[in-house]
Amino acid sequence: MSTSNGLVPRTPLIDPFQRSIDYLRVSVTDRCNLRCVYCMPEQGIPSVPHQEILTLEEIARVIRVAAGMGLRRVRLTGGEPLVRKGVVNLVRWISQTPGIEDISLTTNSILLPSYAHELAAAGLKRVNVSLDTLRPQRFRQITRHGDLSAVMAGIAAARDAGLSPTKLNVVVMREVNDDEIAEIARTTLEEDWQVRFIELMPFMDEQETCIRDTSRALGFIPSQEVKRQIEEALGSLEVAESTAGGGPAKYYRLPGARGLIGFISPLSEGQFCATCNRMRLTADGKIRPCLLTDQEVNLKETLRRGGSDDDLRQRVLEALHSKPDAHHLGDGNRPRRRKMAQIGG
Ligand code: SAM
Ligand code: SF4
């Protein structure tokens, strides 16, 4: 697919609703070293056997083929991507893939102190870190055993390694962390973080999402309410733009702040899906055109029966053409076959 000057032609992947799809989120494992209440049941999820997980070489091949079709940006996710052996090599291969302009990682950050410098040297540009609270005891409750100081050490390691900007993902849950919204937003005054408040998505059954000792189910809060709380406590937000990665967050800034505040509103924002630019590759080799819709295309089957690059291209196009216009959660659609940890967010 390369031209004579070695550049990959920009032929955008356009879906049936005229959206340009240039972004792939790749789950490299369904395993995780935490058990966040909104993402995994306490007992975990039966892991897919190792032989059913795509090898790193298979993932790299899929990305090379998709890059030849118009893919420009890749994010590695999980489960927890840093528990997958060899992930640094994968980052290096992807960053050397003609056509790929941006590679990033979503992580709980626990293992970043060990990997941040190697990842940056391999070509990783930046990380998104999940951080739903600034209180150690609450962090242990939400993640079911995580150590907040390890996450903060990971964020510092990312900064030292030049992975920038740091984006923090905060899933907002009523009566769990909603009393901390302003406190978390306030960190952007001093830190150049992009703090993104994310609406809770319905991946779990109510009884699976209880915070231990309270039997409290997690409650949804729309972004508009989160924004109102921030403005009541800290003053008006100015509209801003992120410099990195694009994506669905709407960004704002507190006057004079170093960092940004973003809102990701898949449930409350009517136009959320209209600008969707992504598909997902699950650890067990399925392309998932929409995070919140269960339909998938089996790429692993094509890879493992010795399919050619052309065969892979056909499967990618099949996924592209089956991408729904919207998630239709309001009409009763719900993702049922996978938990979030099996897709990667
Ligand atoms: N383990 C990594 C991490 O936690 O960052 C990557 C995988 S995790 C599934 C990716 C993102 O999905 C995290 O930022 C997490 O907060 C978010 N997430 C998981 N379950 C969610 C849910 N039910 N609603 C909204 N966001 C969710
Ligand atoms: Fe693991 Fe990330 Fe899910 Fe938490 S959100 S359980 S860290 S995959």
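Angles under 35 degrees count as roughly parallel, over 145 as roughly antiparallel, 65 to 115 as roughly perpendicular and the rest as oblique. Axes are lines fitted to C-alpha atoms, for helices over the stretch in contact, and the angles run from 0 to 180 degrees between N-to-C directions. Helices (H or I, at least four residues) and strands (E, at least two) are DSSP runs, numbered from the N terminus.

This is a predicted model, in which local features need pLDDT of at least 70 and side-chain atom pairs count only at pLDDT 80 or more, while totals for chains, interfaces and linings use all residues. Residues are numbered from 1 along each chain as its sequence is written, chains are lettered from A and ligands numbered from 1 in the order in which they are written, and side-chain values use heavy atoms, without hydrogens and water.

| Helix pair | Angle | Axis distance |
|---|---|---|
| H1 (residues 56–67) and H2 (residues 87–95) | about 20° | 10 Å |
| H1 (residues 56–67) and H9 (residues 309–321) | about 75° | 10 Å |
| H3 (residues 112–122) and H5 (residues 148–160) | about 15° | 8 Å |

With an angle of about 20°, H1 and H2 are therefore roughly parallel to each other. Their contact (heavy atoms within 4.5 Å) is made by Leu56, Glu57, Ile59, Ala60 and Ile63 of H1 and Val87, Leu90, Trp93 and Ile94 of H2. By class, that contact has eight nonpolar, no polar and one charged residues. Here Ala, Val, Leu, Ile, Met, Phe, Trp, Tyr, Cys and Pro count as nonpolar, Asp, Glu, Lys and Arg as charged, and the others, Gly among them, as polar.

H1 also packs against H9 at about 75°, which makes H1 roughly perpendicular to H9. Arg61, Arg64 and Val65 in H1 meet Asp309, Leu312 and Arg313 in H9, and this contact divides into two nonpolar, no polar and four charged residues.

Now to the strands, where two strands pair if DSSP finds at least two bridges between them. Twelve strands form an open sheet of mixed pairing, in the order E7-E8-E9-E6-E5-E4-E3-E2-E1-E10-E11-E12. Its edge strands, E7 (238–240) and E12 (297–298), each pair on one side only. Inside the sheet order, E6 (residues 194–199) and E9 (residues 260–264) pair in the parallel sense over five bridges. The bridge partner of Arg196 in E9 is Gly262.
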